[in-house]
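Please read the points beside the model.

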Amino acid sequence: MDNSKVYAMKLSKVYPLLVQKAERKNRTKQEVDEVIFWLTGYDEAGLQKQIEDDVDYGTFFEKAPCMNPNCALIKGVVCGVRVETIEEPLMQKIRYLDKLVDELAKGKSMDKILRK
């Protein structure tokens, strides 16, 4: 499967969609940010800089300061694919974030989402 189109998407376009998905289910931008910070190690300034620099989605994950070691605990299906079985590491990181935002939108508690 060619994932280059996903990797080339601009973070500045994807991020608002993630926030919108959560907000439609009465969750907040701050909760989306918390999930992103937990997963990638970015902080608020780092995330904002990536958005302002108009980096692509692939670069955003490749340059992540520190992927959370507990991300291996993220399990489930996104787009019909089990995230724990995705072999390509970059795509797996992207799908981890998709899964976490899905869980947020479904009303899970932050403790469960952040695997505490």
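1. Rings of Phe, Tyr and Trp (its six-membered ring) are taken to pair if their centres lie within 6.5 Å; planes under 30 degrees apart count as stacked, over 60 as edge-to-face and the rest as tilted. By this rule there are 3 aromatic pairs. The model is predicted: local features need pLDDT of at least 70 and side-chain atom pairs count only at pLDDT 80 or more, whereas totals for chains, interfaces and linings use all residues. Residues are numbered from 1 along each chain as its sequence is written, and side-chain values use heavy atoms, with hydrogens and water left out.

2. One of the pairs is formed by Y42 and F60, which are stacked, at 4.5 Å centre to centre with 10° between the planes. Y42 lies in the loop between α3 (29-40) and α4 (44-52) and F60 in helix α5 (residues 57-62), so this pair ties together parts that are 18 residues apart in sequence. Helices (H or I, at least four residues) are DSSP runs, numbered from the N terminus.

3. Y57 and F61 form an edge-to-face pair, 5.3 Å centre to centre with 80° between the planes. These residues are 4 apart in helix α5, a separation of about one helical turn, and both are buried. Ring pairs link Y42, Y57, F60 and F61 into a cluster.

4. Which residues have the most contacts inside the largest nonpolar core? A nonpolar core is a set of buried Ala, Val, Leu, Ile, Met, Phe, Trp, Tyr and Cys residues joined through side-chain atoms within 4.5 Å. The largest has 38 residues, and those with the most contacts inside it are L11, L39, Y57, F60, F61, I74 and L97. Helix α6 (89-105) gives the most to this core, with 8 residues.

5. Beyond its neighbours within four places in sequence, F61 is in contact (heavy atoms within 4.5 Å) with L39, T40, M67, L90, K93, I94 and L97.

6. The structure holds 0 disulfides, a disulfide being a pair of cysteine sulfur atoms within 2.5 Å. The sulfur of C71 is 9.4 Å from the closest cysteine sulfur, in C66, which is too far for a bond. For C79, the nearest cysteine sulfur is that of C71, 18 Å away. C71 is buried at 13% relative accessible area, whereas C79 is exposed at 63%.

Note on methods: Buried < 20%, exposed > 50% of the residue type's maximum accessible area, 1.4 Å probe, protein only. Helix = DSSP H or I, 4+ residues; strand = E, 2+ residues; numbered from the N terminus.
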